[in-house]
Amino acid sequence: MTATDQPFSNTSGMPTLDQRHRFSDAEISAVYKAIALRRDIRHFQHGHVPEEQLARLLAAAHQAPSVGLMQPWRFIRITDANLRRAIHAQIEKERIRTARALGERENDFMRLKVEGVLDCAEVLVAALMDGRERHVFGRRTLPEMDLASVACAIQNLWLAARAEGLGMGWVSLFDPDALAELLGMPSGARPVAVLCLGPVERFYEKPMLEQEGWAQRQPLSELVSENGWPG
């Protein structure tokens with residue numbers, strides 16, 4: 001049995017952990033299941049996301065931790081079909097630029113499906129708010145923690161969507177300045193992700209890029225160390 005199967009097992013001989021705040025076994029299993037089965041989805045089927053369900057998912061995103069409780073995330077729901085097509089056009093331009101920058105892997109990259117903007121039920125743009133320089137708590141030496149906070153909100157949304165049987169894909173192939181202008185963002189605001197959300201016919205058995213042979217997941221043992229850098 002692995003640590004994932006029994007996340008709170010006592011294997012070190014230390015006193016047993018306080019169980020008062022522990023979830024039930026079924027609840028713990030559901031959390032780990034959502035984490036393990038979350039996928040970056042590119043293939044969507046026709047359908048829609050009910051308003052009350054979308055509200056729940058956005059509420060989950062809004063419950064994310066943020067440094068200094070600054071809550072830097074902003075979500076823009078794209079309901080205008082012309083605007084959705086304009087966003088897709090920007091992504092397509094960057095897809096071609098990225099392919100060229102990859103050199104010998106250009107053709108392999110162009111064969112990948114990298115987004116589902118025109119196919120998914122909902123498109124959301126996650127962005128950093130303007131005026132972030134006012135927030136110093138936790139950011140004086142690490143100003144990028146605002147971005148980390150937005151990433152936490154996106155992950156909350158992702159896991160909640162997976163638990164509810166919806167797929168979500170994070171698209172980062174765009175020029176942030178061009179997208180900010182398209183969406184009328186104020187100076188200082190910055191788009192972070194185009195999020196595709198909606199029903200899917202199936203979820204990938206493995207991450208799509210691993211499934212397509214683009215990259216392989218590294219062993220955790222090579223990425224964790226004690227008292228110094230992994231080496």
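Helices (H or I, at least four residues) and strands (E, at least two) are DSSP runs, numbered from the N terminus. The model is predicted: local features need pLDDT of at least 70, side-chain atom pairs count only at pLDDT 80 or more, and totals for chains, interfaces and linings use all residues. Residues are numbered from 1 along each chain as its sequence is written, and side-chain values use heavy atoms, with hydrogens and water left out.

View 1. Along the principal axes, the C-alpha atoms fill a box of roughly 60 × 45 × 45 Å. Buried residues (under 20% relative accessible area; exposed is over 50%, partly exposed in between; 1.4 Å probe, protein chains only) make up 36% of the 231 residues.

**View 2. Strand β2 and its pairing with β1 and β4.** Strands count as paired if DSSP finds at least two bridges between them. β2 (residues 122–128) is largely enclosed by the rest of the structure, because seven of its seven residues are buried. Glu122, Leu124, Ala126 and Leu128 point one way from β2. Val123, Val125 and Ala127 point the other way. With strand β1 (residues 73–78), β2 pairs in the antiparallel sense over six bridges. Here Arg77 stands opposite Leu124. With strand β4 (residues 190–198), β2 is again antiparallel, over seven bridges. Val125 faces Val194 of β4 in this pairing.

**View 3. Strand β3 beside β4.** Five bridges join these two strands, which run antiparallel. Gly169 has Cys196 of β4 as its bridge partner. Four of the five residues of β3 are buried, leaving the strand mostly covered.

**View 4. The tilted pair Trp158 and Trp170.** A pair of aromatic rings is described by the distance of the centres and the angle of the planes. Rings of Phe, Tyr and Trp (its six-membered ring) pair if their centres lie within 6.5 Å; planes under 30 degrees apart count as stacked, over 60 as edge-to-face and the rest as tilted. The count by this rule is two aromatic pairs. One of them joins Trp158 and Trp170: the centres are 6.1 Å apart and the planes at 50 degrees, so this pair is tilted. Trp158 belongs to helix α5 (residues 145–163) and Trp170 to strand β3 (residues 167–171), so the pair links distant parts of the chain, 12 residues apart. Trp158 is buried, at 8% relative accessibility. Trp170 is partly exposed, at 24%.

**View 5. Arginines over aromatic rings.** A charge sits over a ring if NZ of Lys or CZ of Arg is within 6 Å of the ring centre and within 35 degrees of the ring normal. Arg38 places its charged end over the ring of Trp158, 4.3 Å from the centre. The charged end of Arg162 sits over the ring of Phe203, 3.7 Å from its centre.

View 6. Tyr32 lies in helix α1 (residues 25–37). Glu133 is in the loop between β2 and α5. How many Å separate the C-alpha atoms of Glu133 and Val224? The separation is 33 Å, for residues 91 apart along the chain.
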